[in-house]
Amino acid sequence: MPIEIVKRAILFLFEMNISAKPSYLVDKNLESAVKFIVRKFPAVETRNNNQQLAQLQKEKSEILKNLALYYFTFVDVMEFKTVNFDLTKNYLDLVVTYTTLMTILSRIEERKAIIGLYNYAHEMTHGASDREYPRLGQMIVDYENPLKKMMEEFVPHGKSLSDALISLHMVYPRRNLSADQWRNAQLLSLISAPSTMLNPAQSDTMPCEYLSLDTMEKWIVFGFILCHAVLNSDAAALTLWKLALQSSTCLCLFRDEVFHIHKAAEDLFVNIRGYNKRINDIRECKEQALGSMHRERRKFLRSALKELATVLADQPGLLGPKALFVFMALSFARDEIIWLLRHADNIQKKSTDDFIDKHIAELIFYMEELRAHVRKYGPVMQRYYVQYLSGFDAVVLNELVQNLSVCPEDESIIMSSFVLSELLCFCLPVEDGEVFDFRGMRLDWFRLQAYTSVSKASLGIADHKELGKMMNTIIFHTKMVDSLVEMLVETSDLSIFCFYSRAFEKMFQQCLELPSQSRHSICFPLLCTHFMSCTHELCPEERHHIGDRSLSLCNMFLDEMAKQARNLITDICTEQCTLSDQLLPKHCAKTISQAVNKKSKKATGKKGEPEREKPGVESMRKNRLLVTNLDKLHTALSELCFSINYVPNLAVWEHTFTPREYLTSHLEIRFTKSIVGMTMYNQATQEIAKPSELLTSVRAYMTVLQSIENYVTIDITRVFNNVLLQQTQHLDSHGEPTITSLYTNWYLETLLRQVSNGHIAYFPAMKAFVNLPTENELTFNAEEYSDISEMRSLSELLGPYGMKFLSESLMWHISSQVAELKKLVVENMEVLTQMRTSFDKPDHMAALFKKLTCNYTVLKRMTIIGVILSFRSLAQEALRDVLSCHIPFLVSSVEDFKDHIPRETDMKVAMNVYELSSAAGLPCEIDPALVVALSSQKSENISPEEEYKIACLLMVFVAVSLPTLASNVMSQYSPAIEGHCNNIHCLAKAINQIAAALFTIHKGSIEDRLKEFLLASSSLLKIGQETDKMTTRNRESVYLLLDMIVQESPFLTMDLLESCFPYVLLRNAYHAVYKQSISANA
């Protein structure tokens, strides 16, 4: 009950801040009434002060209801004060708890207001004060200065309290040794004496070996303040007092509430006559209370716990005989950590080094490692001590009991039950999962101590020290069987960090900043698992508050660790990308030039110019001590990854955290941003990285990420799949642009737009787009972005999904061009209809042709469509090459499936096959993407028959417009590029693809319509009869378009062309253009 009351009292300290006070204490309307009650407390005249307290009348029922919890907590404190002095259980703890409670009570500033308000509301409601109010009010007044009041109260208890404290004179000095003394004694070392390694660790005072030093110091400080007279009469008491004052400058009252020892003691003793010497002692001890001793202790404990954890990890069986060492180590380390935490937060720092420990994470980490060993090998320890209790302890205890000269009946029954309990435990094998429970036995031992400690006891425990030592040892052994978890909490609980959030976070940041300590950073999330152990069922309201804090801190720590690892990985990736960039072909030109010039003995470069280092020089080490930046990054990453990989899961307040998932998540986000960033896309200048260079950087990045699997057990393939698949879509999961959208926009809006403007031409011979010489040079070289290697790199990056998106975007642009073409057809529909029926009437055709408008626009738009389709053809071919390397068997199966579709197959089925083939990059007779794009253009106002007629007339319009190309100076055919500089050779692809798509949509005969196109295009024959040289300057080059159209079409044959256009003209045209090309080059 005492500690629960203390917890309830400390909750007031949390709630008395301005945001959590009871509303009545901050209500401006009630402010005067509250001040009146506090001023008159505890004797508040409620009957005669209606004016001051009138406002409270309206709120009395609510005040009574809402302040009841606070009021009765104060009543509990009062009850604790009046009855618990007679308890003998844990006498020193009782004294400290009582002192702590009263001190905390005096720190609650609103105590009078709360009690007074509640009593007023009670009196107004029930007509009388609460029955506890007079005593409670008097207690509040009496304990304005709690320590001074308790010093008076403890005068009758001085003898018993001082005797209890002086009994620590053998224990406390032994625990409060320096690090050098620990080191000389080889404390906690299992390997210092190998011959005794298997011997069980023994002590005459087993429970004192792992007793908290902080607890003992509170006993001594508070105890001797309350019975201070003994300091003047007993040298042992004075020695203990001075040791405690030198060890700490402040003590923990409760959680983060502290008690400043020297100031409080001096303030109390200064008013006592004859205590000048004691005051001088306090001042001297305050000057000597430095942190250097604790700093050296922490330094020793780091190495000692590391050794202990390493040995036990290799030989867990030693946890049995050496369990005492483990709990001693945990207790010692816990005391030093808490000391540092408390003093760093509350002391004016004289020596900063004593209160800042950048290696504290290492000590906490080894504590967690020891705790993990105990939890993991608990059954090993249980089995050892079950056998120990039944095979040794029971036998020795039985002998001691038999040798007792006097043993009353009650004591005899208890001791017989001890022996019987130890013997029976052997009958319950640990492997069977039996639950051991020795709490009854430990309670009997406590009862026996009470029986044998009274002055007139026939069996005095002081006369049978061996029995006491043996029983203390047995009690420790029973705890090793049924209370391992409780022992871990008792000796190593660090839930106090929950209330030092700022210091906790600062320690974590210091840990991450020091590469050698980052491997221990996992200890901070692990500490969050301790937090719930500081809660209690009697204070359920704080459970959620502490639970939420543990979750938020754990999440923050794991997130920061993952961010730090991610940043290190990013830096390594940047270095590797730089190294990979040095291997790009563009960087070898200078080296080749130097080699050629050296061979021809030509001077190269400027004199004194340093020779450029070749790639790989960084790997040639002349000295092992030489550490590069990359070495440092890898070292730091391996240290941090050890921490992330240390535990697979963390359980914090019924939530499970997976540290590796934090890293995976951050890697996915950073990889996504890095890929997009490496495109170096500049919207203002329309600059973007070449696909091959981006692919090289991405591969270098992926190589680094793949190496992470050597450090952390994560599935990096999952990261690749998640990120790279998202990059094949228009937007990623966060709604951000991907490389697919960036490259699609760039190729459409930059490269292909410049083609339309006449600055770039498609060269079929090179299968690339090439810059044309113009007045305004372009900022990029089109060939470097559109040749076959670049398109293959683009296909590798975007994958089939991304290339499909690219195709769909291209088709959208084509559909918009077709829509404009249809408008032109509608404008010229009457003339075109007449021309369609007059192919065999040259004169009439010539007359009708003059009535046509926008001939040039039709051919321009068809050329743009041809350019886009040519680019798509390059992309599809590159995709096919890439997929043939990755999935050759699947591609060959799809190709075989496509090649063997029967002609009579239903068009819907055929289109499904074409769609599959197109997704694999295979060319199809009918482009499914184009069919889908043009199908969406169907107008509700135009009938299907009218749409079909427009499609037919469109082909006629293009055919009869072809002769106008001969007059264009740019229409000259170049054998070197196998095309025309104004891209009219792309008309062949446009005419075939558009015809196939349109007449598939309208269910017409593609062959018949293309035959009709050839008939209409026979109008080219008339330019052979023209005498105007300007009109016929590139007649032969235009003739070749018919051959290209037939060669490109899967539906036309040369025989059909021969029937419309004599082949001899084509032969002569080829001869003429080649001859012209040779003369031009000459």
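A residue is called buried if its relative accessible area is under 20%, exposed if over 50%, and partly exposed in between, with a 1.4 Å probe and protein chains only. The model described here is predicted, so that local features need pLDDT of at least 70 and side-chain atom pairs count only at pLDDT 80 or more, whereas totals for chains, interfaces and linings use all residues. Residues are numbered from 1 along each chain as its sequence is written, and side-chain values use heavy atoms, with hydrogens and water left out.

A pair of aromatic rings is described by the distance of the centres and the angle of the planes. Rings of Phe, Tyr and Trp (its six-membered ring) are paired if their centres lie within 6.5 Å, and the planes count as stacked when under 30 degrees apart, as edge-to-face when over 60, and as tilted otherwise. The structure holds 35 such aromatic pairs. In one of them, the ring centres of Y384 and Y385 are 5.0 Å apart and the planes stand at 80 degrees, so this pair is edge-to-face. Y384 is partly exposed, with a relative accessible area of 25%, whereas Y385, at 3%, counts as buried. The pair of F642 and Y646 is tilted, with 6.0 Å from centre to centre and 50 degrees between the planes; F642 is partly exposed at 30% relative accessibility, and Y646 is partly exposed at 23%. One aromatic cluster is formed by Y743, W746, Y747, Y762, F769, F780, Y785 and F871.

F642 also takes part in a contact with a charged residue, since R519 lies over the face of its ring, at 3.9 Å from the ring centre; a charge sits over a ring if NZ of Lys or CZ of Arg is within 6 Å of the ring centre and within 35 degrees of the ring normal. K322 likewise lies over the face of F325, at 5.3 Å from the ring centre.

Helices (H or I, at least four residues) are DSSP runs, numbered from the N terminus. Of the 24 residues of helix α18, 21 are buried, so this helix is largely enclosed by the rest of the structure.

The axes of helix α34 (residues 739–756) and helix α39 (residues 855–886) come within 10 Å and cross at roughly 130 degrees, where axes are lines fitted to C-alpha atoms, for helices over the stretch in contact, and angles run from 0 to 180 degrees between N-to-C directions. The two helices α34 and α39 are therefore oblique to each other, given that angles under 35 degrees count as roughly parallel, over 145 as roughly antiparallel, 65 to 115 as roughly perpendicular and the rest as oblique.
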